[in-house]
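Hi,

Here is the structure I promised to pass on.

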Amino acid sequence: MEKRWIVPLGVLVLLAILLQGTFFTLNQTQQALVLQFGEPMRVIREPGLWAKIPFVQNVVILDRRVLDIDPPVESAILADQKRLEVDAYARYRIADPLMFFQTLGNEQQARLRLSVIVNSAMRRVLGNVALPAVLSQEREKVMADIKAQVNQEAQRLGIEIVDVRLRRADLPEQTSQAVFARMRSEREREAAEARAQGQELSQQIKSRADRDRTVLLAEAQRQAQITRGEGDNQAIRIMNEAISRNPEFYSFYRSLQAYRDTLKPDDTTLVLSPGADFFKYLGAGGTAERKRAEK
């Protein structure tokens with residue numbers, strides 16, 4: 001009994017091995033390359049259950065999804081001789097499995113080769129642009145140019161480049177310090193220039209104000225002299241009119257002014273002749289003396 005079951009069991013095991021080596025499945029994220037003694041026979045892109053010749057053919061499974069590569073940080077010199085430490089990454093998919101297998105073999109080799117291609121293209125493109133282009137909206141065009149150059153080389157490897165991005169673009173530490181020092185000196189120069197311009201403008205304003213003040217004072221003095229002269233003329237005219245109307249009253253008024261200015265309460269001493277007209281309005285005594293002096 002036991003010997004009778006050995007052959008059927010062996011046949012079942014052999015059939016299971018044959019079935020396992022004959023059929024394989026692909027899901028939506030995979031594509032396959034069927035090899036026969038190392039030579040590519042066919043490419044399978046559709047998901048499902050597929051068959052191959054057992055022990056003669058083998059299957060290489062490749063990914064259909066978008067894959068990432070993250071090259072190491074690369075140093076690049078820009079067109080304006082600025083040095084940048086650039087960190088880039090790229091996304092790709094295997095567009096031609098047969099060419100991919102023949103040129104690269106596997107995804108590990110693909111990542112190594114694409115890292116070199118991406119960094120080389122990045123250095124070439126950045127070597128033709130200045131620093132403001134990397135830090136402005138022109139950065140999109142820079143990345144598009146890098147992607148175009150990488151895609152041109154990647155197509156020969158059966159790879160399609162989906163996107164290339166510059167994650168970071170930093171100045172080296174020494175360059176950053178030098179740029180900072182230059183920016184600070186430039187700002188200090190601008191500040192000194194602004195202060196000098198302010199002082200010059202201040203001097204101009206002060207000079208203009210002093211000139212305007214001098215002109216205003218001179219004009220005011222001129223106007224005051226004119227007004228004073230007109231007043232003196234008016235006073236003389238009025239005085240002449242008053243004298244012509246009543247000379248005796250004018251003489252009396254002038255004498256009173258002279259008394260007020262001369263006879264002050266500080267022991268004023270006057271030496272006059274007896275017949276002087278100075279005291280003619282001080283009383284009868286003065287008038288008699290004047291008359292005697294006249295005789």
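**Notes on the model**

Val-34 stands opposite Val-59 in β5. The model is predicted, so local features need pLDDT of at least 70 and side-chain atom pairs count only at pLDDT 80 or more, while totals for chains, interfaces and linings use all residues. Residues are numbered from 1 along each chain as its sequence is written, and side-chain values use heavy atoms, with hydrogens and water left out.

Strand β2 (residues 30-36) runs antiparallel to β5, and seven bridges connect the two. Strands here are DSSP runs of E with at least two residues, helices are runs of H or I with at least four, and both are numbered from the N terminus; two strands pair if DSSP finds at least two bridges between them. The open sheet has three strands in the order β3-β2-β5, with antiparallel pairing. Its edges are β3 (39-44) and β5 (57-63), each pairing on one side only. On average, neighbouring strands of this sheet are turned by 25 degrees against each other, direction ignored (axes are lines fitted to C-alpha atoms).

For the overall picture, the chain has eight helices and nine strands. Of its 295 residues, 23% are buried (under 20% relative accessible area; exposed is over 50%, partly exposed in between, with a 1.4 Å probe and protein chains only). Taking contacts (heavy atoms within 4.5 Å) between residues at least 6 apart in sequence, 61% join residues at least 24 apart.

Two buried residues in helices are worth a look:

- Asn-119 lies in helix α3 (residues 107-126) and counts as buried because its relative accessibility is 7%. Leaving aside residues up to four places away in sequence, Asn-119 touches Pro-71, Pro-72 and Glu-74.
- Ala-133 belongs to helix α4 (residues 131-134) and, at 8% relative accessibility, is also buried. With the residues up to four places away set aside, Ala-133 touches Glu-138 and Arg-139. Ala-133 and Leu-78 are 55 residues apart in sequence, with 10.0 Å between their C-alpha atoms.

And what about the surface? Phe-249, Phe-252, Tyr-253 and Leu-256 make a nonpolar patch of about 380 Å². Such patches join nonpolar side chains (Val, Leu, Ile, Met, Phe, Trp, Tyr) within 5 Å, from residues with over 30% relative accessible area and no salt bridge (a side-chain nitrogen of Lys or Arg within 4 Å of a carboxyl oxygen of Asp or Glu). Leu-256 sits in helix α7 (residues 247-262) and is partly exposed, at 38% relative accessibility.

Best wishes

Key: Axes fitted to C-alpha atoms, helices over the stretch in contact; angles between N-to-C directions. Patch = residues over 30% accessible without salt bridge, like charges linked within 9 Å, V, L, I, M, F, W, Y side chains within 5 Å. Areas by Shrake-Rupley, 256 points an atom, 1.4 Å probe, with all protein chains shown as cover.
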